[in-house]
Amino acid sequence: TNADAAGGTAESLRTPIVAVLGHVDHGKTTLLDKIRGSAVTDGEAGAITQHIGATAVPLETVSELAGSLVDPDDFDLPGLLFIDTPGHHSFSTLRSRGGALADIAILVVDVNDGFQPQTIEALDILRRTETPFVVAANKIDTVPGWNPQSDVPIQESYDAQSDRARATLDENLYELIGELSDHDFSADMYWRVQNFANNVGVVPTSAETGEGVPDVLTVLMGLSQRYLKDAMAIDVDGPGAGTVLEVKDQKGFGTAIDVVLYDGTVRSDDTIVVGASGDPIVTDVRALLQPRPLAEIRTESRFEQVDAVSAAAGLKIAAPELDSAMAGAPVRVVRDQPREEVVAAVEEELAAIGVTTQEEGVVVKADTLGSLEAVADALEEAEIPIVRAEVGAVAPRDVTVASTADEEKHETVLAFSVDVLDNAADLAEESGVRIFESDVIYRLVEEYDEFVTERERSQQDAILENISRPARFQLLPDHTFRQNDPAVVGVEVLTGTLKRNARVVDFSGSEPKRIGEVNGIQDQGEDVDQARKGDRVSVAIDGPTVGRQIEEGDELWVGLPEKHAKVLEQELTEDIPADEADALRMYLDKHRRRDPFWGK
Ligand code: GDP
């Protein structure tokens, strides 16, 4: 720390904040545990510090873990602060001044499984936030014939493998590098990368055995040193700035916020401004809490009160009136600036996290501001409008809003990583509102899409069920069973489906003539509801007399109300059998010869 006497500021390099991203089950949690675990066993007592929501690994410990790969003299940065909640969801939702809260990232990819939807989602976020990252090609120990080597650098482990195991791994890695390149990231094995600004380094790892983990730490330190040094230079004594991770009740203190501090210092007598669902909260810190060191864990409280915390760090802040604070929202210490300016800065940052709502659409609830934005982005891409978007659990009023949607498909709540309150679930059940829940954005959107498609299909089926459909049939010679009241005749259906209650039309003249109505169909003496193309059945027709309005050999049509013909032609041609579509065309032609706009 260099004290600058003239300005009274203390410039210092803070610890870079690291996030772990990747597809579910690819090994994010295991990798974090491995790094923490090795640090605890290998490192000096107290070498790693447990923060709220994060773990700090100091440079000396990184260097011990990385062995020959890291010489602490080569680095100025004090170590690495790993955010404990793995997953790109937490990464994308935790912001600092519009950018990502994490300064650098590890993208974990299972070498056997390759790229998966969340891998791609994570890459997109890394690209958008321009975050430097390293790819951990994980689970190398599952390569057939692999000979595991605990916690060693990858080169050492490589040397211990059979040619076959090595060849299989190489093949998988080659594929992975190809997939990265398909997504416009030029990548190579990390030891071949000269310029990390243009190339992504790939490190083969096993989070289980620890192979390659020293290399991951080395690359992270190297990347940070090279690309983050300027960004890490902060005024440590300046007013603290951070991001809310979580809002929760803290026994003895009321509502408290878990915060990752990325700039300056927060002191126990500070006034802070916190982003909230209403106006920003301005309040005085009651207590700053950090986890006790492992050795002192036996005391009744897991936390100890501290006087000040400097970036980068995770901590709990207890203060009055934090109930409406929002996860993902900014926290600022009021010190050198007037309070109004700090409030304005927080408001501005909140406004920048943009979710556009419309008059009509679905209701969205999410666990943090950033995730809300991420879900909103995904919905926008899928062209699904949003009527209301908020941070927090699904409550009855969300269901009420959803139930008033104009379109049935919008009577839904999409809940991302939040609870559904019991009374909200009950209300949804009563009012027919559908609630979709997921911790994965693309699944939420996918499930909703499927629901809409399914619903549209069943609506279409219902329409088809109730709509008259075209059919053509011919009276068979010598098959008149009754002259009239009703006329009972043998017919063959030429196209389409003849149904009971269909109206019968004669098209042989210049004008279509309404003949009567089918009041019954019999197939070999059995009553049936309908007859398909090719069927020969006897039909009872109310209205005509055989020999007067109709004759044996006549071709007759099922008449369609104009409205039905229009719906069929404009919306359902794809959904009816080909012969019916033909019949429809012929039927429309006949009408349009007389009136070109019939059914338009
Ligand atoms: P996450 O969902 O990405 O956090 O994945 P987890 O860390 O929970 O890992 C998912 C499963 O894969 C767990 O059963 C882990 O034990 C296992 N796993 C993770 N990394 C490795 C690895 O390097 N090798 C092997 N064999 N299994 C692993």
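Two strands pair if DSSP finds at least two bridges between them. Helices (H or I, at least four residues) and strands (E, at least two) are DSSP runs, numbered from the N terminus.

**Before selecting**

The structure is a predicted model, in which local features need pLDDT of at least 70, side-chain atom pairs count only at pLDDT 80 or more, and totals for chains, interfaces and linings use all residues. Residues are numbered from 1 along each chain as its sequence is written. Colour the chain by pLDDT, the predictor's confidence in each residue, from 0 to 100. The chain has a mean pLDDT of 89, and 94% of its residues reach 70 or more. Next select residues 1–7, where the pLDDT is below 50. Beyond near neighbours in sequence, this stretch has eight contacts in the model, a contact being two residues whose C-beta atoms, placed from the backbone, lie within 7 Å. For the model, ipTM is 0.99 and pTM is 0.72.

**The ligand shell**

The ligand is surrounded by 16 residues, and the closest are Gly27, Lys28, Thr29, Thr30 and Glu208. Helix α1 (residues 28–42) supplies the largest share of this shell, three residues. Coloured by class, the shell shows three nonpolar, eight polar and five charged residues. Here Ala, Val, Leu, Ile, Met, Phe, Trp, Tyr, Cys and Pro count as nonpolar, Asp, Glu, Lys and Arg as charged, and the others, Gly among them, as polar.

**The eight-stranded sheet**

Switch to a cartoon view and trace the open sheet of eight strands, in the order β4-β5-β6-β3-β9-β10-β12-β11, with mixed pairing. Its edge strands are β4 (49–51) and β11 (187–189), each of which pairs on one side only. From one strand to the next the twist averages 30°. All angles run from 0 to 180 degrees between N-to-C directions, and axes are lines fitted to C-alpha atoms, for helices over the stretch in contact.

Select β5 (residues 54–58) together with β6 (residues 79–83): these strands pair in the antiparallel sense over five bridges. Ala54 stands opposite Ile83 in β6.

**Helices across the sheet**

Is α2 mostly covered or mostly uncovered? It is mostly covered, with six of its eight residues buried; a residue is buried if 20 or more other C-beta atoms lie within 10 Å of its own, exposed if 12 or fewer, and partly exposed in between, with C-beta atoms placed from the backbone. The buried residues are Thr61, Val62, Ser63, Glu64, Leu65 and Ala66. Gly67 follows α2 and has a positive phi, near 60°.

Then select helix α6 (residues 163–182), which lies across β9 (104–110), β10 (133–138), β11 and β12 (200–204). Helix α6 runs at about 155° to β12.

**Strand β15 and its partners**

Move to strand β15 (residues 254–263), which is mostly covered: eight of its 10 residues are buried. Strand β14 (residues 241–250) pairs with β15 in the antiparallel sense over nine bridges, and Val247 stands opposite Ile257 in β15. Three residues separate the strands of this hairpin, in which Gly252 takes a positive phi near 85°. Strand β22 (residues 313–318) also pairs with β15 in the antiparallel sense, over six bridges. There, Gly314 in β22 is the bridge partner of Val260.

Most residues other than glycine have a negative phi, and most peptide bonds are trans. Select Ala311 and Ala312, joined by a cis peptide bond with omega near -10°. Ala312 lies in the loop between β21 (308–310) and β22. Another cis peptide bond joins Asp485 and Pro486, with omega about -15°. Pro486 lies in the loop between β28 (471–482) and β29 (487–499).

Finish at Asp478, in strand β28. Phi of Asp478 is also positive, near 60°. Asp478 has 6 C-beta neighbours inside 10 Å and therefore counts as exposed.

Key. Near = placed C-beta within 6 Å.
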